[in-house]
Amino acid sequence: MARFLARRLLFALVLVLVVSSASLVLARLAPGDVSAQLGPFASPTEIASTRARFGLDRSPAAQWTLWAGRALRFEFGESFLYNRPVRGLIGRAAANTAALAVVALAAATLLGIPLGMFTGSRRGAGAALVRGASLVFLSVPPLLTSLILVFIAATTRLFPPGGMTTAGALEVGWSAWLLDVAIHIPLPALALALPIAATFERLQSQSMTEALHQPFALAALARGVAPRDVIVRHAWRVSLRPICAVYGLAIGALLSGSFIVEFVTAWPGLGRLMYEALRARDIYLVAGCAAMGGLFLAFGSLIGDLLLAAADPRVRERQAA
Amino acid sequence: MLVTAGLLAAFVLVMRLGRDLGRDGVSGGGGGPAARGGQIVASIRGEPRTFNRYVAQDQTSEALSLLLQARLVRINRATFELEPWLAEKWESSPDGRTHTIHLRPGLTWSDGTPLTSADVLFSLRAIYDPKVESVLADSLTAGGQPLRAAAPDAQTVVVTFAAPSGRGVRLLDGLPILPKHKLEAALTAGTFASAYNTTTPPADVVGAGPFVLREYQPGQRVVLDRNPRYWRKAPDGSPLPYLDRIVLQIVPEQNAELLRIQSGETDLTSTELRPEDYVPIRRAEEEGRLRLIELGVGPDADALWFCLKPEVKGKDPRFAFVQRPEFRRAISYAVDREAFAETVFLSAAVPVWGPITPGNPNWFWPDIPRYPHDDDRARMLLREIGLEDRNGNGVVEDAAGTEARFTVITQRGIGWYERGTAVVRDELAGIGIALEIAPLELGALIQRLQACDYDAMYYRPVFNDLDPAANLDFWLSSGSSHFWNMSQKTPATDWERRIDTLMLEQAAELNPDRRIMQFRLVQQIMAENLPVLHFAAPRMYYAHSARLQGVVPSVLRPPVLWNADGLSVSQ
Amino acid sequence: MRRAGQVLLGLVVLIAAAAPWLAPNPPDRAFTELLYAPPTPIRFTPRLRLSPEEGFGAAGLFMYPQRLVSRLERRFEEDRQHPAALEWFTGGRLVTVAEAQGGPLLLLGADRFGRDTFSRLLYGARASLALAAVATVLALAIGALVGGVAGYAGGTVDDLLSRFTDFVLVLPAIYVALALRAVMPLVLPPATVFVGLTGIFALLGWPIVARGVRAIIASERERDYALAVHALGARPSRILLRHLLPAAGGYLGVQATLLLPAFILAEATLSYVGLGFPETVPTWGTLLQEAANVSLLAEAPWMLAPAAAIFIVVLAVNLAVQGTGRAPVQLEP
């Protein structure tokens, strides 16, 4: 187990290094640089000093060496857009994205699994309706869902059409701030969660049906176990395995989906930050965001693999080998 | 299942209950024409990069500077008159080179320290300090030289100009006064440029403006509280500002800004409306949620220009005819400006033939030479310089066969740029000039502008000061914003040399009428040579929430916050 | 259900292919008098026109031309004095109304340039579907090759390729796509953008395919028929290509149905944030950019039509893939 974790950790570090270096070099090679953000009225001295500040007067190789050296000391450079160290910015944005992802995953699980159990264990109009709805939500990607939800929010004004906190809210303690965030999070979380919930529902439904076809289900019924118990206590545990397999992929889907949802709903997360940084060619911020994204994904896939190992003993054995 | 349903219900409940959170925040007393207290939320587009106006000149920095700091005098952005501000009165010598400025008695900084002439001297020192590389240094000059100042006593400053300047004391509107007691150490140590940055503790960002910094959350908002020691009083003697708090929310995109003001989350936007936003805002006005104001014609018009830098374009065979004024005049004749205003700005614009529009009433010249829409004259002009469609493919070419084909770069995503370039392209196709439009991100656009790496560009440069003498960077051939040929060592053309001379004269001229005449000559030369072509100037519309009172809108940015100390909210 | 999905998909492809015929107007024709015009209502009078002068027409489908009342207020009114009959099979189009007769026919209104949204939607289908299809084929090809070689060769080659595959798999795809598109010069002819995006998508999509193919090939390799062919002296490349890879055919088919919608969405996402095609090229993604102005949507909900189109395609693909599976069990009475 320890060896497994150590290997994954090493893998994650290498990934982060490669992804961030690649982004740095790519952003450098892109046409245009950060000094263009100064606008059309900037003086040549302003432009030159900005370029020097971000190492743009050196070659890409020299700049990378300098950056890598500082990165090892956990100094990731400064952002032009925010005029402050990259580290703090990434941390905050990553926390916002993580919060969104966790809520979305929780929502998807709480929606998808029970509904899947429901449709996998009965026929009838209700189950057919849910199955149909699943198919619909599977086909509406986060971009469209967020556009539609923002549209609904803006016209009905039932809930805020974006952002993470109400602009005018005063600094009133933790609980009120949490409440404020709690009002703003359903919109983006729902946009992210719906396709994943639909996937969970479909998978859970199929594997529940499979499980109920197994002899043990019939045997339990014959023994006199109530149908409800057969479903919940016996069949469900067996049916969980495919879901665990998919959890890791779901986390990956969350990360890529979160970019566009953050964009449309103005959620101040990592995806949004990376996009702004790319547009402005804010080179160190780009590298930092890419690194964080890579870290997230490595972490997420680790969780996924651990869950899979927990669910399927064969995987555990293979990994130990 | 039940668990899920229960959680869903809980969410819905929380949303309905919590909707009132922070909506109106602190409310003050009621009644009266200008109620005290309350807070407003305004959106800003850009992230604050620093709270030190001396080293940044973006829109957000300017807005923050107007809110947090004060100047000696203020140019009222609605009437363009000079008002006493920190200075109570001043006298100018007849030759216009010495101005004696008297500060108001009893001025204090937001932390209670008295504001004296020493602070004014310090501010000037900081601006001209070479280590600071202040962006304000170039504009705070007279005759190209820095201003000199002396302080005979704590309430008086004597400012000396190296040469007479037509703008005179108005120059000082561009000098926010910063506190010596807070920043002198940084100036001496050479770290002034990074003083008052975004990580400085808010309590240390001391100023004399109507508001003080309370907190800054990167990526989210800036919160400002009223300055209890602000010097200005309302006409009835009560202290200003009326508002207790201003929240500046950072919303990078115009669509999102619009959404927020419509849903009631914000009270103000950072810029004027686009023509396509008129309809939803009008609807909101009819429902009583917003107020729509028309400010009249804006001071800036969209411009089309070709890069005329001989060092870069000299080898380009097209340059031979592009550099001829007849070419540009032909283009001016070819565009039907009425139709342009209709299509591009949805009729909310007026035709213009030069960079100064009716929205700049002091400097606008109604009799500027015009080019009425006349395709035949345009084609005749092109023939005069040897451009004809010899091979019948619809595009004119010169005797050597070089076609008049160009790529126009512009900023992507802006409705009127896209429509404007499309209209110009269609009009010019009628006289045989082929244009291809290439929308770019702003960063890439600026890059190409500075390198002269483009054929033609279509853009609206926004000037923050209506006085042409404040924009010498654009008018002078040596200027870094002389877009069609920036930073020339010597004037490339005769007419640019004449403009240089006239502009410098005009900047030093004390008689306002003579200044206007001189500038008209400049406009005449521009209209004859047309290095930049202007077609229409849009009318400006602005929206704010219905609860906001005391709004004095301006065509300059920021449209409302420049007069923040007069704003209040009705209950 | 499956049949329905396949039929729907086929229909979409047909519509895309026939876009120039189905579209009432050219996609880049800008009607400057009709910016943001609403959809043209089609009316019906029960009157058959059979004479050549009046033009052949089905029982009197016609429209009233839209006249501009106020640009700023985006108000239009119908010109009831001059009804214009819908013309069928004229001018190389299924149905259209010539401008001289009172056109254009705007089935989904016009965008901010006055271009026909419906026509652009149809033409956009071609670009979006073509991009997704080509990228899918490429991703499948690369993935099958890499996975096949890894599965067949085994040993260090397998190890190396598998690590590399895992590595690319774990890259945050959207960040890489964004970054790669952003580094391509922003002024690019649409053809270059097409090739560029296809390349990027294929590069990001092949690892999933490779993983599965590798697993299949690795197990197929031990089967009797594979050993037999090997004993007969066939070259490894022939064994791989002719005998083993076909076993992965089913898997490749399923992967295709996963990748296709993903690529359509990726194009839409990148174009929506401005890093895909330039706005002048109609694709579903660039059409959605108009929808970014949400307050506009309230006035003009038909602007969300590209979203509906994407939804239909993805739904069709999902329907077409539905496994028959087992019949649901009803335990409770």
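In chain C, C:F62 stands opposite C:A85, a residue of strand β5(C). Strands here are DSSP runs of E with at least two residues, helices are runs of H or I with at least four residues, and both are numbered from the N terminus. The model is a predicted one, in which local features need pLDDT of at least 70 and side-chain atom pairs count only at pLDDT 80 or more, whereas totals for chains, interfaces and linings use all residues. Residues are numbered from 1 along each chain as its sequence is written, chains are lettered from A in the order in which they are written, and side-chain values use heavy atoms, leaving out hydrogens and water.

The strand that faces β5(C) is β2 (residues 61–63) of chain C; the two run antiparallel and are joined by two bridges, and at least two DSSP bridges are what it takes for strands to count as paired. Together with β1, these strands make an open sheet of three, ordered β1-β2-β5 (chain C), with antiparallel pairing. Because β1 (43–44) and β5 (84–85) of chain C each have a single partner strand, they stand at the edges, and one side of each is left without a neighbour in the sheet.

Turning to the interfaces, chain C and chain A meet through 41 residues from chain C and 56 residues from chain A, contact being heavy atoms within 4.5 Å. About 4,300 Å² is buried between chain C and chain A, with carbon and sulfur atoms giving 78% of that area. Buried area is the accessible area (1.4 Å probe) that two parts lose on being put together, summed over both. One residue pair is in polar contact across the interface of chain C and chain A, both residues at pLDDT 80 or more. Helices of chain C that each supply at least two residues of the side touching chain A include α4 (155–170), α9 (249–272) and α12 (305–321). By class, the side of chain C that touches chain A has 34 nonpolar, four polar and three charged residues.

How many residues does each chain bring to the contact of chain A and chain B? Chain A gives 56 residues and chain B gives 56 residues. The area buried between chain A and chain B is about 4,800 Å², and carbon and sulfur atoms give 58% of it. The count of salt bridges between chain A and chain B is one, with the side chains of A:R272 and B:E253 meeting at 3.4 Å, N to O. Helices of chain A that each supply at least two residues of the side touching chain B include α4 (86–120) and α11 (270–280).

In chain A, A:A266 has a phi near 55 degrees, a positive value in a residue other than glycine, and A:A266 is found in the loop between α10 (227–265) and α11 of chain A. In chain B, a cis peptide bond with omega of about -5 degrees joins B:L240 and B:P241. B:P241 is found in the loop between β11 (221–226) and β12 (245–250) of chain B.

How values were computed: Salt bridge = Lys/Arg side-chain N within 4 Å of Asp/Glu carboxyl O. Polar contact = N/O pair within 3.5 Å; in protein donor to acceptor, adjacent residues only side chain to side chain. Nonpolar A, V, L, I, M, F, W, Y, C, P; charged D, E, K, R; others polar.
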